[in-house]
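Hello,

I'm passing a structure over to you, and my notes on what I found follow just below it. Please have it open while you read.

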Amino acid sequence: MHKFYKFSPGIGIYLTVLVCLISRTSLANEIEVSFLSNLFSFALIKNHPCAVQLPKNFVASSSHTNNWAVLVDTSRFWFNYRHIANVLSVYRSVKRLGIPDSQILLMVADDMACNPRNPRPATVFNNANQHINVYGADVEVDYRGYEVTVENFVRLLTGRNENGTARSKRLLSDAGSNVLIYLTGHGGDGFLKFQDSEEITNQELADAIEQMWQKQRYNELFFMIDTCQAASMYEKFYSPNILAVASSLVGEDSLSHHVDPAIGVYIIDRYTYYALEFLEKVEVNSKKTMGEFVSKLL
């Protein structure tokens with residue numbers, strides 16, 4: 001069965017959490033785990049007014065052995081600068097908190113750092129104060145430009161890579177892997193655009209994730225999406241052990257946060273901005289919990 005959890009809106013952001021439960025009925029009253037030592041084992045704040053009970057076995061599994069991240073920006077063109085900043089910001093955070101580049105698959109549809117309109121070449125900022133260059137000197141982009149396609153994304157998730165695909169472009173997860181999938185771009189009711197030329201539907205995404213489960217490619221999966229009508233992208237999920245969060249409900253837009261006048265475009269989306277505001281305060285071996293992370297987004 002599927003359980004949906006909806007949170008009241010706050011700071012202009014809407015959050016919906018979907019927990020997919022297959023033959024699971026017991027719920028935990030309190031679960032506390034380290035935010036980093038088991039990055040995607042999800043925790044709650046006891047007695048927090050926004051706390052949600054998760055299936056006990058969902059966070060208590062002993063089979064978790066490693067973490068992976070699939071981070072995808074699906075948008076091209078200068079006016080979509082914020083989407084590149086979104087995905088690079090999440091990339092910076094998960095890498096800083098312990099997931100190595102060898103276990104991060106980064107898909108970036110355009111190169112804003114080298115765009116001739118960029119007044120600060122070789123940089124991408126996620127804040128008008130320009131205190132963090134999220135492009136940095138050590139960004140490893142695995143799929144760039146026209147390599148960012150629906151086909152390549154589905155092949156990446158399912159492991160059905162073409163012959164000759166480099167090891168660095170493969171998701172080599174297994175039954176012990178906790179996997180983060182983060183998507184940002186332009187979407188609508190039941191679809192996400194890739195490159196403004198093709199779309200992936202929520203059914204296609206659900207089927208790809210089911211293939212991951214059947215092929216033992218994840219233990220638990222955290223799905224995070226920042227796009228308009230984002231919650232529609234997980235409406236069709238039917239696989240177990242998934243926690244999904246979205247920047248907007250069906251019928252709602254996902255809003256940008258602020259403009260950098262020097263660049264002339266919005267430079268980050270609101271949902272990702274507040275997520276990063278939390279993550280920037282998390283250090284290695286922190287005791288921060290997923291409950292605190294979720295409450296930050298309300």
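A word on naming before anything else: helices (H or I, at least four residues) and strands (E, at least two) are DSSP runs, numbered from the N terminus. Residues are numbered from 1 along each chain as its sequence is written. This is a predicted model, so please keep in mind that local features need pLDDT of at least 70, side-chain atom pairs count only at pLDDT 80 or more, totals for chains, interfaces and linings use all residues, and side-chain values use heavy atoms, with hydrogens and water left out.

**The chain as a whole**

The protein chain has six helices and 13 strands. Of its 298 residues, 58% are buried (buried means under 20% relative accessible area, exposed over 50%, partly exposed in between, with a 1.4 Å probe and protein chains only). Among contacts (heavy atoms within 4.5 Å) with a separation of 6 or more, 71% are between residues 24 or more positions apart.

Strand S10 covers residues 220–226, and seven of the seven are buried, so the strand is largely enclosed by the rest of the structure. Glu220, Phe222, Met224 and Asp226 point one way from S10, while Leu221, Phe223 and Ile225 point the other way.

Which strands pair with S10? Two strands count as paired if DSSP finds at least two bridges between them. Strand S6 (residues 177–184) runs parallel to S10 and is joined to it by seven bridges; Thr184 has Asp226 as its bridge partner there. Strand S11 (residues 242–246) also pairs with S10 in the parallel sense, over five bridges, and Ala246 in S11 stands opposite Ile225.

**Two loops with positive phi**

The loop between H4 and S10 holds Gln216. Gln216 is not a glycine, yet its phi is positive, at about 55°. Is Gln216 buried or exposed? With a relative accessible area of 54%, Gln216 is exposed. In the loop between S10 and S11 you will find Gln229, another residue other than glycine with a positive phi, near 55°.

**Helices H3 and H4**

Helix H3 (residues 150–158) packs against helix H4 (residues 202–214) at an angle of about 25°, and their axes are 8 Å apart. Axes here are lines fitted to C-alpha atoms, for helices over the stretch in contact, and angles run from 0 to 180 degrees between N-to-C directions. Angles under 35 degrees count as roughly parallel, over 145 as roughly antiparallel, 65 to 115 as roughly perpendicular and the rest as oblique; H3 and H4 are therefore roughly parallel to each other. On the H3 side the contact is made by Phe153, Val154, Leu157 and Thr158, and on the H4 side by Leu205, Ala208, Gln211 and Met212. These residues divide into six nonpolar, two polar and no charged (Ala, Val, Leu, Ile, Met, Phe, Trp, Tyr, Cys and Pro count as nonpolar, Asp, Glu, Lys and Arg as charged, and the others, Gly among them, as polar).

Leu156 is also in H3, and it is buried, with a relative accessible area of 0%. Leaving aside residues up to four places away in sequence, Leu156 touches Val70, Leu105, Met107, Tyr143, Asn161, Lys169, Arg170, Leu171 and Arg217. Leu105 is 51 residues from Leu156 in sequence, and their C-alpha atoms are 8.8 Å apart.

H3 lies across S8 and S9, running at about 35° to S9. S7, S8 and S9 form an open antiparallel sheet of three strands, in the order S7-S8-S9. Its edge strands, each pairing on one side only, are S7 (187–188) and S9 (198–201). Two bridges hold the antiparallel pairing of S7 with S8 (residues 191–194), and Gly188 has Phe191 as its bridge partner in S8.

Helix H2 (residues 81–96) has 16 residues and reaches 22 Å from its first C-alpha to its last, close to the expected 22 Å, where the expected span is 1.5 Å times one less than the number of residues. Since 13 of the 16 residues of H2 are buried, it is largely enclosed by the rest of the structure. After H2 comes Gly98, with a positive phi near 120°.

Helix H5 (residues 270–279) is likewise largely enclosed by the rest of the structure, because eight of its 10 residues are buried. Among them are Tyr271, Tyr273, Tyr274 and Phe278.

Best wishes
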